[in-house]
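Trainee: I'm new to this one. Could you take me through the nonpolar core and the aromatic rings?

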Amino acid sequence: MERQATASISNLIAGILAALLVFVGFNSFIIINPGQAGVLSILGKAQDGALLEGIHFKPPLVSNVDVYDVTVQKFEVPAQSSTKDLQDLTASFAINFRLDPLKVVEIRRTQGTLQNIVAKIIAPQTQESFKVAAAKRTVEEAITKRTELKDDFDNALNSRLDKYGIIVLDTSVVDLTFSPEFARAVEEKQIAEQRAQRAVYIAQEAEQQAQADINRAKGKAEAQRLLAETLNAQGGVLVLQKEAIEAWREGGAQMPKVLISSGSSGNGNIPFIFNMSDLEK
């Protein structure tokens, strides 16, 4: 009986030791997957050197590994500032970033979790970077030179976040709004510009009309001059008479049957007779 009891106790102890060894064995290693980086802490103290993808040994029971996602993260961050001409400008930025895997130990020591990084680092640095970019230009320039505004913002944000181990991959302006006063001023300016353009168009149209009238008057004067020269030349009376006959015909009035034109021997003209019935044939 005693031997059986001793054997049972020995088997139990062996089983416990085996289970303990299995437990310790499983807790002595950690696997870091692609897109992750780990920070090993022993007795609460972060150890130097990030754990990159692969399998790593860690002391059992007294250690812990914090795993960080180092793939691309996206957060939308609001920002507000004043422009060079002291106008309120509000924006919302979509920021794509990732953590530097080689700096996750420092990130763990100074910031802790990803939520802390966004709230304590990215959000306030976005605000400050937007102030730097907006203060360089007027609110109107922020509209007309929006690309330059974004470039200044990107440069300021990159330099500020790089020292924290945060790599900015891309930013985009989700929304850019202005004060109600400036919005009304823009609307009034657009209306004034439209009225000015309309006035210029009307002035140009009047100028073109006036030039057309001048050209018509010049043409009429030239025609009258040529007619006068024709009438003063030999045979000019015949031309005048022929035009009168054509005017009668085109006007539809009844024309006389016979039109007699007497010449003067002083100027060499010969008297002649028009038979109007012959012209109608």
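Mentor: Let's start with a term: buried means under 20% relative accessible area, exposed over 50%, and partly exposed in between, with a 1.4 Å probe and protein chains only. This is a predicted model, where local features need pLDDT of at least 70, side-chain atom pairs count only at pLDDT 80 or more, and totals for chains, interfaces and linings use all residues. Residues are numbered from 1 along each chain as its sequence is written, and side-chain values use heavy atoms, leaving out hydrogens and water.

Now, Phe130 counts as buried, at 1% relative accessibility. Phe130 is also among the residues with the most contacts inside the largest nonpolar core, which has 33 residues. Such a core is a set of buried Ala, Val, Leu, Ile, Met, Phe, Trp, Tyr and Cys residues joined through side-chain atoms within 4.5 Å. H3 gives the most to this core, eight residues.

On to the rings. Rings of Phe, Tyr and Trp (its six-membered ring) pair if their centres lie within 6.5 Å; planes under 30 degrees apart are stacked, over 60 edge-to-face, and the rest tilted. There are four aromatic pairs here. Phe75 and Phe97 have ring centres 5.9 Å apart and planes at 25°, so they are stacked. Phe97 is buried at 0% relative accessibility, while Phe75 is partly exposed at 31% relative accessible area.

How values were computed:
Helices (H or I, at least four residues) and strands (E, at least two) are DSSP runs, numbered from the N terminus.
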